Amino acid sequence: MKVFALLATALTGAILLYGTADFPAWGDPESPASTHVSAYFIETVVRDTHMPNLVAAVLGDYRAYDTMFELVVIYCAGMAVLAVLRGARS
Amino acid sequence: MLEEIVAKYNYWIYVVLMMIGFYAMIGKRNMVKKLLGMNIFQTTIILFFISTGVKRDAGIPIVDKYAGLAGELEVAAVMNPLPHVLMLTAIVVGVSVTGVALAVLTRVYREYGTLEEDEILEKIGR
Amino acid sequence: MRRFREQVQNTEGGTDLIIRTSVRLMVPFIQLFGLYVIVHGHYSPGGGFQGGVLLGSAFILLALAYGVEYSKKYMSEFANFLTVNIGVFIFVGFGILCALVGGFFLDYGAMANVFPMPLPEWRYWGVFVVEVGVGMGVMGIMVSLYWDLASAGSRKEGL
């Protein structure tokens with residue numbers, strides 16, 4: 001059984017390593033992740049929200065809906081732990 | 001071959017770390033070890049995403065307010081802030097997942113007296 | 001100083017004297033730093049989640065050194081419950097308030113209809129209100145997660 005797990009791990013790792021050939025080099029400013037929409041954010045966030053911390057601005061304003069449900073997720077996690085551990089105490 | 005590895009060595013590190021977590025998830029018998037493997041996997045994904053936002057010789061995404069108001073910011077001099085935001089979300093969700101998983105494991109231990117997978121299967125009767 | 005020493009020595013339970021003393025010294029500074037991280041999140045690394053985790057870690061440290069029961073003297077279960085719910089309520093309620101005064105859900109700029117301020121300034125303060133809500137929620141949930149997981153659900157005595 002452990003042999004199968006090792007084989008599956010090696011196979012997946014080989015596929016992923018083969019996939020890294022198409023990735024951009026480390027620290028490339030022209031990489032796809034930092035060209036399209038991120039340039040817009042860097043240029044306009046401070047003018048639109050007056051916040052120097054771009055991460056907090058995007059987290060609290062542009063993606064506020066996401067952040068709200070993140071808080072709901074952690075709230076639900078707390079309630080779930082409460083329910084699982086306190087439910088049926090034998 | 002060697003040049004390829006040296007140029008993209010960071011991705012090779014992520015793949016190796018990810019496979020450590022993956023093997024722990026599918027190869028180990030103990031539930032806590034599986035959970036640890038899942039955490040390693042998650043952390044590797046976070047590391048990978050953060051590294052996609054890196055620009056060489058760039059600063060952190062906390063900028064000069066007055067330069068930003070005047071529109072003088074250079075895009076190449078500030079790191080990409082979007083992966084940081086997404087991974088902040090992922091870290092918090094990871095904490096929630098770990099908490100709930102530990103609670104369920106506590107409950108399983110209380111029920112069966114063990115956390116080994118095969119012993120639990122034996123007790124269930126399969 | 002003498003009062004401090006008496007306070008540390010007279011509490012029963014818990015672990016080693018050195019650990020208890022150093023925790024006693026560290027907790028106020030951790031809480032102060034947590035508040036700083038929340039309110040200064042617009043200008044430095046930080047924000048609601050990070051500051052909330054720091055504030056929660058102060059109570060977790062207290063529970064680690066003195067026991068779960070002792071930490072409940074400083075944050076009762078009801079206060080914990082209230083903190084979490086008020087935190088989530090601030091976030092969702094502020095979003096709904098923005099919708100009620102004539103904008104979209106979580107559209108902070110619409111609050112200018114109530115209190116006139118330029119649009120970027122309202123977005124700035126809207127993010128601040130939301131971060132305070134996040135900080136309160138995360139703090140309460142972290143403490144409650146630790147209480148439940150450390151004492152296997154009973155919340156009586158922990159690690």
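Select Thr89(B), which is buried at a relative accessible area of 12% (buried is under 20%, exposed over 50%, partly exposed in between, with a 1.4 Å probe and protein chains only). The model is predicted: local features need pLDDT of at least 70, side-chain atom pairs count only at pLDDT 80 or more, and totals for chains, interfaces and linings use all residues. Residues are numbered from 1 along each chain as its sequence is written, chains are lettered from A in the order in which they are written, and side-chain values use heavy atoms, without hydrogens and water.

Thr89(B) belongs to helix H5 (residues 82-112) of chain B; helices are DSSP runs of H or I, at least four residues, numbered from the N terminus. Next, show Val85(B): its backbone oxygen lies 3.2 Å from a polar side-chain atom of Thr89(B).

Move to Tyr65(A) and Phe69(A), an edge-to-face aromatic pair with 5.2 Å centre to centre and 85° between the planes. Rings of Phe, Tyr and Trp (its six-membered ring) pair if their centres lie within 6.5 Å; planes under 30 degrees apart are stacked, over 60 edge-to-face, the rest tilted. Because they are 4 residues apart in helix H4 (residues 64-86) of chain A, about one helical turn separates Tyr65(A) and Phe69(A). Tyr65(A) is exposed, at 52%, whereas Phe69(A) is partly exposed, at 40%.

Finally, select Phe23(A), Tyr11(B), Tyr14(B), Phe48(B) and Phe49(B), which ring pairs link into a cluster.

Technical notes. Helix = DSSP H or I, 4+ residues; strand = E, 2+ residues; numbered from the N terminus. Polar contact = N/O pair within 3.5 Å; in protein donor to acceptor, adjacent residues only side chain to side chain.
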